[in-house]
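User: I would like to go through the labels given to some residues here and see what each one rests on. Please set the values against the cut-offs.

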Amino acid sequence: MSNPSDPTAYITHYAQHRFTPEESDWGFTRFLSLGKLESPLDDRGIPITENGHTVITAYVRVYEDPTGVLWHNFVNYDSKAMTGYVGLKNQGATCYMNSLLQSLFFTNYFRRAVFEIPTEDDEPSKSVSLALQRVFYQLAR
């Protein structure tokens, strides 16, 4: 945004957004408050607006992505159908644990060892071994 008479009085904002059919509307929520439009930006005393007018310039870059991978938003994504595997959902601050569990799942020796842990007599609500077996079973489904 700049002053119509003096484009050296300006303010900029850079943002990225991916427009999709699910999210086709987007705007700046914290660009500049209305009260600051008529206030000078610096010691020269020139505001962004002049007689209720301002200049707004927007640069838009459009990417074409024939693969669909660059801007994939994973809405309605079926990892099982696409890769043969499922993942773990982040339950809020569980991403590091999820990464570790999925890495261990793909370590064949470790996965086999987990499934060989005897858990027949374990109490389901108190057994870490049984819980790990259940997670690995769900990942393998």
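Analyst: The labels are taken up one at a time below, for what is a predicted model.

User: Why is Asn 98 called buried?

Analyst: Buried means under 20% relative accessible area. Asn 98 has 8% relative accessibility, so Asn 98 counts as buried. Asn 98 sits in helix α3, residues 95-105, and touches Leu 88, Lys 89 and Asn 90, leaving aside residues up to four places away in sequence.

User: Why is Phe 74 called exposed?

Analyst: The cut-off for exposed is over 50%. The relative accessible area of Phe 74 is 53%, so Phe 74 is exposed. Phe 74 is found in the loop between α1 (34-37) and α2 (79-83). Together with Tyr 77 and Met 82, Phe 74 makes a nonpolar surface patch of about 360 Å².

User: What makes the pair Asp 6 and Arg 44 a salt bridge?

Analyst: The side-chain nitrogen has to be within 4 Å of a carboxyl oxygen. For Asp 6 and Arg 44 the N to O value is 3.7 Å, so the pair is a salt bridge. Asp 6 lies in the segment before α1 and Arg 44 in the loop between α1 and α2, so the pair ties together parts 38 residues apart in sequence.

User: Which residues are linked in a network of salt bridges?

Analyst: Asp 6, Asp 42 and Arg 44 are linked in this way. Arg 44 also forms a salt bridge with Asp 42, with the closest N and O atoms 3.3 Å apart.

Conventions
Residues numbered from 1 in each chain as written. Predicted model: local features only at pLDDT ≥ 70, side-chain atom pairs only at ≥ 80, totals over all residues. Heavy atoms only, no water. Patch = residues over 30% accessible without salt bridge, like charges linked within 9 Å, V, L, I, M, F, W, Y side chains within 5 Å. Areas by Shrake-Rupley, 256 points an atom, 1.4 Å probe, with all protein chains shown as cover. Helix = DSSP H or I, 4+ residues; strand = E, 2+ residues; numbered from the N terminus. Buried < 20%, exposed > 50% of the residue type's maximum accessible area, 1.4 Å probe, protein only. Contact = heavy atoms within 4.5 Å.
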